[in-house]
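Dear colleague,

Please find below the structure that I am handing over to you.

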Amino acid sequence: MERRQPPQTEEGWYVLHDFRSIDWDAWRDAPERRRSRAIDEGIDYLTAAENVADADEGDSATFAVLGHKADLLVLHLRPTLGDIDALERRFEHTALAEFTERADSYLSVTEVSGYMSQDYFDDDAEMDDTGMERYIESRLKPEIPDAEFCSFYPMDKRRGPEDNWYDLSFEERADHLSSHGEIGKGYAGRVTQIISGSIGLDDFEWGITLFGDDPTDVKELLYEMRFDPSSSRFAEFGRFLSARQFPPENLGAYLAGDRVPQEGGDAHGGHHHGESDSSGHHDGESESGGHHGDAGGHHGDSGGHHGDSSGSHGDSSGGRPGSDGEDVRSELEEIGVYAGQPHGEDVHAVVLYSEADADELFDEVDGLRTNFDHYDTHVKTAVYEPSDAGSRGDDAENAIVSLWDTERAANTAAGFLADLPDIVRQAGDDDSDSWGTMGMFYTVKPDHREDFVGTFGDVAGLLAEMDGHRKTDLLVNREDENDMFIASRWDSREDAMAFFRSDAFGETVEFGRDILADRPRHVFLA
């Protein structure tokens, strides 16, 4: 008798969906004093939960449930079952709990599996994809997005006499899940997911929680996936519960029958949850490596190759305040070189390099960019090709540059971009024994383009003779020949700084004041 080998899994945070019904008759009959106390204690409890005051890590959020199945949903993610247990009991000690009954609940735990990355579970293998490692971490420790709409449902994989998911080979299951994941790519930037396993913890095998600002995006995604065999042949679903997220301080308005989130303020209460720029749905077992439009790069929700603004991964600020990058910025400021500001006008940059054909790469990026443009935090995303004026050798690559107003949005976008064809590296994740810089925002006045390219050629010649210089490339936006950036790699920070202090660079800066439409910023990738 053949026995199928189950994929390995690793578990992360525990997840509790706590659904509560309100005794509206008791609420209406209660004196104002009791109701005020219930609101105050309810706000205190929910705020403390969302601030994760009870644990070292985790996340929580509050939702108004739509329909008859419940009234409130409090969603908790915590590192241990003890944390979850304490949160449950702590709620029962609030005055608000006196007016509620638990309508439903679901307990599960985030997980990743061998479908996602075999190397992750192989003690003898070394993962050379730092983006995949970050993506896995984001799956095990997810953030609750700030999206307004939430849909939760449990599901099983079918074990029927004709269609039995667990009788399929690993390869067959992987193919199904990969095909299933392709559907969701079209929902990038619109739907986010949290997937958690519940075998042995609750009635179904997985819990799926989808988030989006437009409920019809969730509806369309689920409808389209119904026609995929991973769902049509092999999925069994429990009941769906839908809800709208609101900040804890709106609890009184909710109980009073007012609209929440209250208009005129921050729709999400300004709390700390992740951007809703990621998308997707995993309509299936969380061991899958396929993603459903979420920002997981190769495999799913926000994670993938992160383009954070830490200085070591390509932010326009040159590093976090107090970091080595901050010291560099101060040094450059002393010699008149602009290296961005830590706040205000900065954007957050993600830069990845690809060996794919430029036309193919552009088509893929253009599709992602359409989804990115749904969000106000998106500044731009473009494909850059090496210029003839640069050091075009066998290692010359096309670059994808994506700029965002927030670090979290950039991180989310990085996951999508990492799934582009033939990605070979991300700026900041390679050559840890060297020091990299990127000069960005070189927008040249059209009449001076040839002057700029010629000057770069002269400077490149000087660079080639400098100690510690490895390579420098000039890359040009394929949609705007006047938009360029310069990427350099050095043996050390000291070598790079020697160039920035040189007369040649100073003369180039002065030259740029007359021919550039915008002030460039220098990004450090230590």
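Among the elements that cover the buried residues of helix α6 are α7 (215-225) and α8 (229-232). Here, buried means under 20% relative accessible area and exposed over 50%, with partly exposed in between (1.4 Å probe, protein chains only). Helices (H or I, at least four residues) and strands (E, at least two) are DSSP runs, numbered from the N terminus.

This is a predicted model, in which local features need pLDDT of at least 70 and side-chain atom pairs count only at pLDDT 80 or more, while totals for chains, interfaces and linings use all residues. Residues are numbered from 1 along each chain as its sequence is written, and side-chain values use heavy atoms, with hydrogens and water left out.

The buried residues of α6 are Arg-173, His-176, Leu-177, His-180, Gly-181, Ile-183 and Gly-184. Seen down the axis of α6, they fall within an arc of 140° and so line one face of the helix; the arc is that of the directions from the helix axis to the C-beta atoms. Exposed Glu-171 and Asp-175 sit on the face of α6 turned away from the buried side.

The largest nonpolar core has 23 residues. Such a core is a set of buried Ala, Val, Leu, Ile, Met, Phe, Trp, Tyr and Cys residues joined through side-chain atoms within 4.5 Å. Its largest share, five residues, comes from α2. Trp-27, one of the residues with the most contacts inside this core, touches Arg-35, Ala-38, Ile-39, Phe-99 and Leu-255, not counting residues up to four places away in sequence; contact means heavy atoms within 4.5 Å.

Yours sincerely
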